[in-house]
Amino acid sequence: MKRSPRDLKRYTAGERGNHWLVAITFVLLALSGLAFFHPAFFPLVQLFGGGTWARILHPYIGVVMALGFVLMVIRFWRLNLIRDRDVQWLKEAPKLVTEEHHVMPEQDKYNGGQKVLFWLLIASMLGLTLSGVLMWRAWWNLPVEIVRASVVLHAVSAAALFGLIILHIYAAIWTRGTLRAMVYGTVNRAWAKYHHPIWYRRMTGEKE
């Protein structure tokens with residue numbers, strides 16, 4: 001992909017590495033988790049060296065993903081605080097489907113939809129991590145009622161996270177130019193000005 005020296009820096013190498021660490025561990029957990037969830041997916045354990053190794057590795061990979069996600073939250077939570085303009089953006093969001101982008105409220109580095117996704121991801125990860133810890137019987141033996149409730153919460157949280165990640169990937173592909181930001185760390189000025197004009201002006205010093 002051809003890049004211009006005038007492109008704007010959207011993500012640092014550390015931020016991109018953090019993102020891809022969480023993404024890779026999510027894929028590994030999804031594969032092993034599906035293998036435990038239903039017999040039809042059990043052959044996926046062969047990707048981890050068999051059922052025993054898949055069972056051993058799954059929670060430890062989960063710890064890595066949880067820690068990586070905490071780092072992402074620390075990096076980005078301030079940028080995802082929901083403002084009045086984000087609420088207005090969400091109200092007008094259906095107009096994006098009819099390509100009425102010109103009527104949308106101007107957005108900063110992230111728009112209202114991205115911010116809502118961010119907080120829903122946090123909620124799903126909290127449920128997934130808490131339930132995973134409670135059902136990790138290699139380290140402690142809690143009452144069976146707690147373990148059973150944790151299994152249900154784990155499955156529900158995982159399903160929610162699956163859906164949110166699919167939405168995240170779809171939006172990144174649908175909005176052309178978004179993926180390159182997390183691969184190369186930069187976006188072109190036209191993209192920034194069109195999708196995130198407030199952020200664009202702050203980065204370039206241009207006035208309205």
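# Helix packing and a pocket

The model shown here is predicted. Its protein chain has eight helices and two strands.

**The chain as a whole**

- Along the principal axes, the C-alpha atoms of the protein chain fill a box of roughly 60 × 35 × 30 Å.

**How helices pack**

- Two packed helices are described by the angle between their axes and by the distance between those axes.
- H1 and H5 cross in a left-handed way.

**H4 with H5**

- H4 packs against H5 at an angle of about 150°, and the two axes are 8 Å apart.
- H4 is therefore roughly antiparallel to H5, since angles over 145 degrees count as roughly antiparallel.
- The crossing of H4 and H5 is left-handed.
- The contact of H4 with H5 involves 15 nonpolar residues, eight polar ones and no charged ones.

**H1 with H2**

- H1 and H2 pack with their axes 8 Å apart, at an angle of about 150°.
- H1 passes H2 in a left-handed crossing.
- Which classes of residue make up the contact of H1 with H2? That contact has 14 nonpolar, nine polar and three charged residues.

- Rolling a probe the size of a water molecule over the atoms shows where empty space is left.
- The second largest pocket holds about 840 Å³ of space.
- Its lining consists of 30 residues. Gly33, His58, Leu128, Met135 and His154 lie nearest the centre of the pocket.
- By class, the lining of the second largest pocket has 22 nonpolar residues, six polar and two charged.

**Where the pocket lining comes from**

- Four helices each give at least two residues to the lining of the second largest pocket: H1 (13–37), H2 (51–76), H4 (112–134) and H5 (144–174).
- Which helix supplies the largest share of that lining? H5 does, with eight residues.
- Both domain 1 (10–79) and domain 2 (82–174) take part in the lining of the second largest pocket. Each contributes at least three residues.

Notes
Residues numbered from 1 in each chain as written. Predicted model: local features only at pLDDT ≥ 70, side-chain atom pairs only at ≥ 80, totals over all residues. Heavy atoms only, no water. 1 Å grid on protein atoms, 1.4 Å probe; cavity = no way out; pocket = protein on both sides within 12 Å on 5 of 7 lines; lining within 4 Å. Points joined across faces, edges and corners; volume = space filled by probe spheres on them. Nonpolar A, V, L, I, M, F, W, Y, C, P; charged D, E, K, R; others polar. Domains from an automatic or database assignment. Left-handed = near helix turned anticlockwise from the far one by under 90°. Axes fitted to C-alpha atoms, helices over the stretch in contact; angles between N-to-C directions. Parallel < 35°, antiparallel > 145°, perpendicular 65-115°, else oblique.
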